[in-house]
Amino acid sequence: SIPLSFFSAIGAVSKRGVLVKGANYIEKLTEIQNIIFDKTGTLTHGVFEVTKINSKDISKEELLKFAAYAESFSTHPIAKSIVKAFDKTIDSKLISEHEELSGLGVKATIENKEILVGNKKLLNNFNITYDEINEDLNVVFIAIDSKFAGYIVVSDIIKVEAKEVISELKTLNIHKTYMLTGDKKEVALNVANQLGIDEVKYELLPQEKLTNFEAIKKQTNKVTAFVGDGINDAPTLANSDVGFAMGGVGSDLAVKSADVVILNDNIKSISDAIKIAKKTKVIVY
Ligand code: ADP
Ligand code: MG
């Protein structure tokens with residue numbers, strides 16, 4: 001049976017904006033040894049800003065217009081930043097087809113032109129050659145009718161509390177911290193180094209997040225938690241020992257798949273919840 005004080009621990013953590021979906025997770029919180037984080041929207045704000053536009057054969061304005069039109073149906077934070085940078089009304093009559101390619105980008109037909117907006121992998125999938133671009137930030141590639149047409153650089157900001165949480169987790173007996181991201185190598189390593197995350201895997205498709213999670217769990221044989229926010233994190237959240245979802249900015253599917261929901265999106269709440277759970281357990285036993 002579950003000790004009564006575990007229910008009061010649920011109340012205590014809820015005051016800090018953490019929703020624990022069952023008293024059994026209070027005990028689980030005390031047992032976490034590995035914590036695996038998603039990057040975008042979890043360790044970073046997930047609010048991108050366009051910092052550069054570079055076009056080939058067409059004007060920057062035209063390139064941004066096509067990109068914004070193609071992205072206008074996407075809820076991805078990169079898509080939102082491109083639509084925001086365009087800053088004009090989107091005439092949806094001009095969009096005849098649109099498709100979101102999870103972990104890659106979007107494909108749309110605009111004024112009878114086929115537009116691709118996304119990462120290198122997306123262009124590789126369509127056998128489109130592109131220029132090598134030296135940028136540590138996130139580069140969004142754009143192709144028009146199967147030809148590379150330019151790129152847009154976007155950047156995200158690391159949450160101020162992230163560094164503090166990673167070092168605090170070490171003091172809470174957490175063995176190792178990891179990051180699994182769909183983002184590219186340079187961005188992934190930059191964020192991980194700044195935060196002191198032990199191990200990083202990058203350029204992962206949604207399904208690869210889950211297989212990497214399971215590989216880490218199997219290798220280490222330790223109770224492993226996962227923290228994420230996106231649709232692409234839902235399978236991993238559902239299969240982790242303890243799944244934490246960002247409740248504010250996070251997708252509904254991530255919230256549904258999680259065991260613990262961080263309602264205020266402050267990842268400091270993760271270490272707070274573990275601390276409270278550990279105190280509760282000391283009182284019980
Ligand atoms: P993360 O795992 O970091 O949360 P995602 O799986 O959401 O990232 O996306 C991985 C990568 O796929 C992004 O970094 C971006 O390069 C590309 N991507 C996904 N969706 C879009 C989109 N709508 N527009 C442009 N790029 C996208
Ligand atoms: Mg994410």
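**Cores, domains and a ligand shell**

Author: The largest nonpolar core has 50 residues, and Phe244, Val260 and Ala273 touch the most other members. This is a predicted model: local features need pLDDT of at least 70, side-chain atom pairs count only at pLDDT 80 or more, and totals for chains, interfaces and linings use all residues. Residues are numbered from 1 along each chain as its sequence is written, while chains are lettered from A and ligands numbered from 1 in the order in which they are written.

Reader: What makes a set of residues a nonpolar core?

Author: The members are buried Ala, Val, Leu, Ile, Met, Phe, Trp, Tyr and Cys residues joined through C-beta atoms within 7 Å. Buried means that 20 or more other C-beta atoms, placed from the backbone, lie within 10 Å of the residue's own.

Reader: Which residues does Phe244 touch?

Author: Ala225, Val227, Ala258, Val260, Ile262 and Ile270, not counting residues up to four places away in sequence. Contact requires C-beta atoms, placed from the backbone, within 7 Å. A second, separate core of 32 residues includes Ala67, Ala70, Val140 and Val154.

Reader: Why is ligand 1 said to lie between domain 1 and domain 2?

Author: Domain 1 (4-45 + 158-284) and domain 2 (49-155) both give residues to its shell, so ligand 1 lies between them. The bounds come from an automatic or database domain assignment. The C-alpha centres of the two domains lie 31 Å apart. Their contact takes 12 residues from domain 1 and 7 residues from domain 2.

Reader: Which residues come nearest to ligand 1?

Author: Thr40, His76, Gly105, Asn119 and Gly182, of the 23 residues around ligand 1. To be near, a residue needs its C-beta atom, placed from the backbone, within 6 Å.

Conventions
Two residues are in contact if their C-beta atoms, placed from the backbone, lie within 7 Å. A residue is buried if 20 or more other C-beta atoms lie within 10 Å of its own, exposed if 12 or fewer, and partly exposed in between; C-beta atoms are placed from the backbone.
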